[in-house]
Amino acid sequence: MSLARNTVWPQAPGSAGCARFRIRPLLAVFAAAAVALPLGACGRDEPDLTKGKAMFTQKCGSCHALARAGTQGTTGPNLDAAFRAALDKGLSRETVEGIVHRQILHPRRASVMPAGLVTGADAKDVAAYVSYAAHRAGQDSGALAQAAARGVSGPTEDDVVAALRAAAILRAPAGA
Ligand code: HEC
């Protein structure tokens, strides 16, 4: 029964311990660099991978290739390649999830990658999907296979890229 699960954590999900983590992102940046952030330890709900995939294809895919998501952007690193060596060496997917989550919220200063393209639960869903999909053989199946076609609200990657181009941060591709 669920009481047993609740007693593992003296605080209810989303209570002080977790909130403190959320409102002190800088600390998290340093912590995530050193250790696998136990994202699951905050009692959050299971991330929604299908939602994460849909948002990834819309908001990240223009810049990042990720085979399972079917995206082929080249402005940013190929995310299968980015995590290949580390995963092969035994880095946990949970750690990858923490790295991706941190990158979404806090890209390096002056990065082409805009901070906070997705936030809150959305950022966690995207990070969870990327960590699930990166350098994983085969193809997504079931609901995940359909996810990319699903729409999400908010600016699309085209909007973001157009804005970056307008701000002369990103060069338009030759011939465009
Ligand atoms: C406008 C282009 C652009 C968009 C959109 C974008 N990124 Fe990036 N991303 C980059 C670039 C460029 C880098 C290389 C490092 C840097 O500049 O910060 C990067 C780096 C990363 C990294 C680190 C990879 C490594 O090798 O360490 C991850 C993870 C990542 N992005 C995930 C995402 C996710 C998830 C999204 C969507 C929420 C996203 N990116 C959207 C351009 C983009």
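The model is predicted: local features need pLDDT of at least 70, side-chain atom pairs count only at pLDDT 80 or more, and totals for chains, interfaces and linings use all residues. Residues are numbered from 1 along each chain as its sequence is written.

Start with the whole protein. Its secondary structure comes to nine helices and two strands. Helices here are DSSP runs of H or I with at least four residues, strands are runs of E with at least two, and both are numbered from the N terminus. From that end, the order of elements is α-α-α-α-β-β-α-α-α-α-α. The protein has 176 residues, and 31% of them count as buried. A residue is buried if 20 or more other C-beta atoms lie within 10 Å of its own, exposed if 12 or fewer do, and partly exposed in between; the C-beta atoms are placed from the backbone. Contacts tell a second story. Two residues are in contact if their C-beta atoms, placed from the backbone, lie within 7 Å. Among contacts in the protein with a separation of 6 or more, 68% link residues 24 or more positions apart.

Now turn to helix H7, residues 120-133. Its 14 residues should span 20 Å at 1.5 Å a residue, and its end C-alpha atoms are 20 Å apart, which agrees. The expected span is 1.5 Å times one less than the number of residues. H7 is mostly covered, with eleven of its 14 residues buried. Those buried residues include Asp122, Val126, Tyr129 and Ala133. What do the buried residues of H7 pack against? Their partners are helix H4 (49-59), strand S1 (65-66), helix H5 (79-88) and helix H6 (93-105).

Take H4 next. Ten of its eleven residues are buried, so H4 is largely enclosed by the rest of the structure. Among the buried ones are Leu49, Gly52, Met55 and Phe56. H4 and H7 pack at an angle of about 90°, with their axes 7 Å apart. Axes are lines fitted to C-alpha atoms, for helices over the stretch in contact, and angles run from 0 to 180 degrees between N-to-C directions. The two helices are therefore roughly perpendicular to each other. On the H4 side, the contact is made by Leu49, Lys51, Gly52, Lys53, Met55 and Phe56. H7 brings Asp122, Asp125, Val126, Ala128, Tyr129, Val130 and Tyr132. By class, the residues of this contact are eight nonpolar, one polar and four charged. Here Ala, Val, Leu, Ile, Met, Phe, Trp, Tyr, Cys and Pro count as nonpolar, Asp, Glu, Lys and Arg as charged, and the others, Gly among them, as polar.

Is valine 126 buried or exposed? With 29 other C-beta atoms within 10 Å, valine 126 is buried. Leaving aside neighbours within four places in sequence, valine 126 is in contact with Gly52, Met55, Phe56, Cys60, Ile104 and Val118. Leucine 49 is 77 residues away from valine 126 along the chain, yet their C-alpha atoms are separated by 7.3 Å.

H6 has 13 residues and reaches 18 Å from its first C-alpha to its last, close to the 18 Å expected. H6 is mostly covered too, with ten of its 13 residues buried. Ile99, Val100 and Ile104 are among them.

The ligand comes next. Of the 26 residues around it, Cys60, Cys63, Gly76, Ser111 and Met113 come nearest. A residue is near a molecule if its C-beta atom, placed from the backbone, lies within 6 Å of it. H5, H6, H7 and helix H9 (157-166) each supply at least two residues of this shell. H9 gives the largest share, four residues. The shell has 17 nonpolar, six polar and three charged residues.

Finish in the loops. Leucine 91 lies between H5 and H6. Leucine 91 is partly exposed, with 14 other C-beta atoms within 10 Å. Alanine 110 is in the loop between H6 and H7. Alanine 110 has a positive phi of about 65° although it is not a glycine. Alanine 110 is exposed, with 6 other C-beta atoms within 10 Å. Histidine 135 counts as buried, with 20 C-beta neighbours inside 10 Å.

Key. Parallel < 35°, antiparallel > 145°, perpendicular 65-115°, else oblique.
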